[in-house]
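Subject: Structure handover

Hi,

Here is the structure I promised to pass on. Please open it alongside this message.

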Amino acid sequence: MVVPSSTRRRNAALLLLLLPPLLVLHLSEAAVGRRVIEVKGAPESVVWVVQLSDLHFSVHHPLRAAHFKTHVAPALSLVNPSLVLVTGDLTDGKSKDLLTMKLNEEEWVEYRDVMEDVARRSGLHKSLFYDLRGNHDNFGVNVEGGSLDFFSKYSINAELGRTGNINSVTLQAGERKHLFVGLDSTMSVSTRGPTNLFGHPTDQLLAELDSELSQWDSLTTRPVTKISFGHFPLSFSATSSSGKSLRDIFLKHSLSAYLCGHLHTRFGKNLKRHHQSSDRDSFLHNLFQLNIHQVPTLWDQNCSFGAPPYKEFWEWEMGDWRKSRAMRILAIDSGHVSYLDINFESGVKETIIVPTFPLDSRFMSAALSHHRYECQYMVPSSYETIRALVFSVSPIASVVARVYDSRDGDLSMVMEAHMTKHEGNASRGNFYSAVWNYRAFEDPSPDRYWLQIKAIDMAGKSSLTELRPFSINGLTAQVSWTWKEFSVMGCQWAGLYFPLFWSALCFMFSILLIPKALQTFLKKQYSYMRFATGKGIVGGIAWFLQELCNIPGLWFGILGYLFFLLLFPWLSGQIFSNGGMGYMTYKGWVVKDIHLGENHEFLGFPEVMVIVLPHLVTVVLPMILVCGALAAERGFHQHICSTAGKKKDDYGQEKKRSLKSDTPGIKRLVPAIGNRWLRKLLVVVCLAVCCKHFMNCRALMKAYEMNPFINFPGYSLSVPVLLAYAVYKTRSNDQLRH
């Protein structure tokens with residue numbers, strides 16, 4: 001058949017019209033790193049990935065990289081994941097004494113070589129590995145892609161051309177899509193540590209993240225499982241210049257989970273947090289979350305079609321490779337997301353069991369699960385079996401699922417079922433299931449029933465999973481943080497910095513100014529005598545604080561130092577690895593980049609809090625209190641000496657015997673007066689404050705290559721000078737107050 005020339009011309013014109021949009025779409029997808037991977041092989045209903053974080057490869061600790069090669073490569077070969085996510089802090093970037101923080105190219109060469117070796121020995125294609133920056137990978141990098149940005153030179157993402165701060169990959173397994181979006185929120189212009197601690201998502205990054213998470217929303221009617229991964233927990237992520245946050249974007253898309261690192265297991269094992277949108281969000285609620293789960297919101301069980309979706313997501317921090325040798329396997333089974341954290345401290349694991357259903361009601365259940373169950377929206381087939389992935393070096397002989405009932409306080413086994421292996425062509429892993437009557441385990445208690453799975457290999461060696469509670473109803477078992485876990489997961493530190501700073505500063509100003517105002521304007525004079533005659537604790541505090549006002553030089557010196565901290569730069573130093581002197585105020589660093597000729601203001605905000613708040617709380621406030629205590633001790637001593645002198649004059653020499661018999665306390669008091677043991681104790685406290693201050697100064701000298709007499713004399717010398725002056729002014733008893 002001959003196509004008319006007019007038709008050919010119309011087709012050519014149509015192609016020319018469509019080509020630019022298609023080309024733009026292709027380029028935009030390439031720019032942000034979109035990718036779709038067809039997951040082939042059984043089991044089709046399950047995909048799983050591996051997360052590793054905080055490797056901290058260091059020239060001073062070679063075992064970290066050595067163990068990574070010997071343990072992770074065989075583990076990845078055994079697990080055969082569809083993706084490997086490495087969520088930051090790939091290298092350590094610290095000196096042996098941990099005080100100097102800047103990138104070391106030797107560590108990056110080691111990272112590249114180790115990852116190439118692991119990819120080769122595991123049998124996984126390198127394109128399945130996604131790595132991203134952590135704060136340790138960005139110490140002192142003043143420009144992305146510059147000569148000191150070793151991530152852009154040695155990372156897997158850089159090698160494969162994934163240059164954007166957002167990269168997404170979709171795992172297509174059968175008809176289900178599982179979207180993974182990685183984000184790099186490190187500072188674009190980064191300081192050296194310790195003022196490099198937070199993630200800094202920009203408005204542009206948040207817009208790109210929003211776009212990536214919504215890429216399938218209009219293209220499919222089937223639910224898409226959405227997972228995001230990055231380095232920083234949300235408690236250590238700042239807001240953008242417009243006040244938006246990662247949490248806002250994640251809630252908008254109702255992620256299944258956000259995977260992160262950064263904190264390490266030294267803070268605890270329950271570094272998980274459930275986020276949930278609420279119309280009752282208050283100022284305090286935006287700064288604190290007291291437990292892993294928010295106060296439950298009374299959702300309206302609206303089961304009608306078109307009801308607004310639930311806005312919630314899980315945040316799962318995984319620990320670290322640095323000391324814990326941790327690795328996470330995350331599985332998605334028919335939309336149910338679960339994980340297993342394992343460690344290699346005792347060596348390579350020969351058998352790994354990952355339960356995929358039912359979910360752990362403590363760390364994996366969500367409000368949406370309960371809603372779907374109540375409204376009967378869940379897929380019944382996904383509830384009808386207990387399921388688990390089993391990875392083993394040796395062939396598995398049997399797998400058994402056991403359910404325990406804890407209603408009577410003790411665990412009693414109420415079900416034991418042998419699990420059968422799913423057979424299929426080109427199996428990606430061993431998937432086991434056991435049929436059960438799930439409705440028999442419906443219960444209003446989210447932690448009444450507990451699951452454990454046991455696998456026995458051909459050699460007779462058995463492996464057990466940890467007991468985990470589950471709730472068929474989708475209810476959530478409440479778990480409390482320890483105070484350390486709360487401090488790093490439940491506090492929004494970027495939002496807390498200024499309230500804490502101004503609270504501390506106002507408290508210290510009030511200690512100085514209120515007693516002075518009472519003394520100067522209201523003519524109220526508090527003394528030890530008034531306190532001793534029954535004026536109570538308020539009178540005692542007023543006397544204690546007013547004694548400091550009676551040493552004008554010391555009082556004005558401390559007041560001047562507080563104004564110095566508020567109005568002037570604290571210190572100056574090199575904040576980039578290739579130079580660049582800057583000065584630091586409580587608002588951040590101000591620096592001119594000598595290489596780029598650009599001025600940068602308030603870099604390292606709110607990270608400067610790690611310098612500012614400890615200085616105020618552990619040095620300045622103790623200095624004020626100990627100076628006040630020295631002044632009060634002097635006033636007390638003068639009062640006792642004055643009282644003792646008057647009594648001696650009144651009795652006279654001829655009544656010495658009567659004085660001894662009537663006032664026996666004076667004999668004991670006179671040696672105590674001369675000894676002044678309380679003053680000696682306070683001098684020791686002064687030395688302790690100075691010691692703490694000098695340790696802080698030494699750390700800053702090493703971190704930013706500074707001279708204390710040139711780069712920060714006001715910060716470093718004022719505290720010891722004021723303490724020495726306080727000790728000097730309170731030493732003499734010659735002048736007595738009458």
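Below is what I found, from the whole chain down to single pairs.

**Overall**

This is a predicted model, so please read it as such. The chain has 738 residues, and 52% of them count as buried. It holds 18 helices and 24 strands.

S1 runs parallel to strand S5 (residues 166-173), joined by three bridges. There, Val 36 has Thr 170 of S5 as its bridge partner.

Is strand S11 (residues 326-333) buried or exposed? Eight of its eight residues are buried, so the strand is largely enclosed by the rest of the structure. Both faces show this. Ala 326, Arg 328, Leu 330 and Ile 332 point one way, while Met 327, Ile 329, Ala 331 and Asp 333 point the other, and all are buried.

S11 has antiparallel pairing with strand S2 (residues 46-52), over six bridges. It also runs antiparallel to strand S12 (residues 336-343), with eight bridges. Gln 51 stands opposite Arg 328, and in S12 the bridge partner of Arg 328 is Asp 341. S11 and S12 make a hairpin with two residues between them. In that turn, Ser 334 has a positive phi of about 55°.

**Salt bridges**

How many salt bridges does the structure hold? There are 24.

- Arg 64 and Asp 92: the closest N and O atoms are 4.0 Å apart. Arg 64 lies in helix H2 (residues 63-79), and Asp 92 in the loop between strand S3 (84-87) and helix H3 (105-122), so the pair ties together parts that are 28 residues apart in sequence. Both residues are buried.
- Asp 405 and Arg 448: their side chains meet at 2.9 Å, N to O. Asp 405 sits in strand S15 (residues 396-405), and Arg 448 in the loop between strand S17 (430-435) and strand S18 (449-457). The two are 43 residues apart and link distant parts of the chain. Asp 405 has a relative accessible area of 8% and Arg 448 has 14%. Buried means under 20%, so both count as buried.
- Arg 112 and Asp 113: this salt bridge spans 3.3 Å, N to O. Arg 112 is partly exposed at 29% relative accessibility. Asp 113 is partly exposed too, at 37%.
- Lys 102, Arg 192 and Glu 705: salt bridges link these residues in a network.

Over to you.

Best regards

Conventions:
Residues numbered from 1 in each chain as written. Predicted model: local features only at pLDDT ≥ 70, side-chain atom pairs only at ≥ 80, totals over all residues. Heavy atoms only, no water. Helix = DSSP H or I, 4+ residues; strand = E, 2+ residues; numbered from the N terminus. Buried < 20%, exposed > 50% of the residue type's maximum accessible area, 1.4 Å probe, protein only. Pairing = 2+ DSSP bridges.
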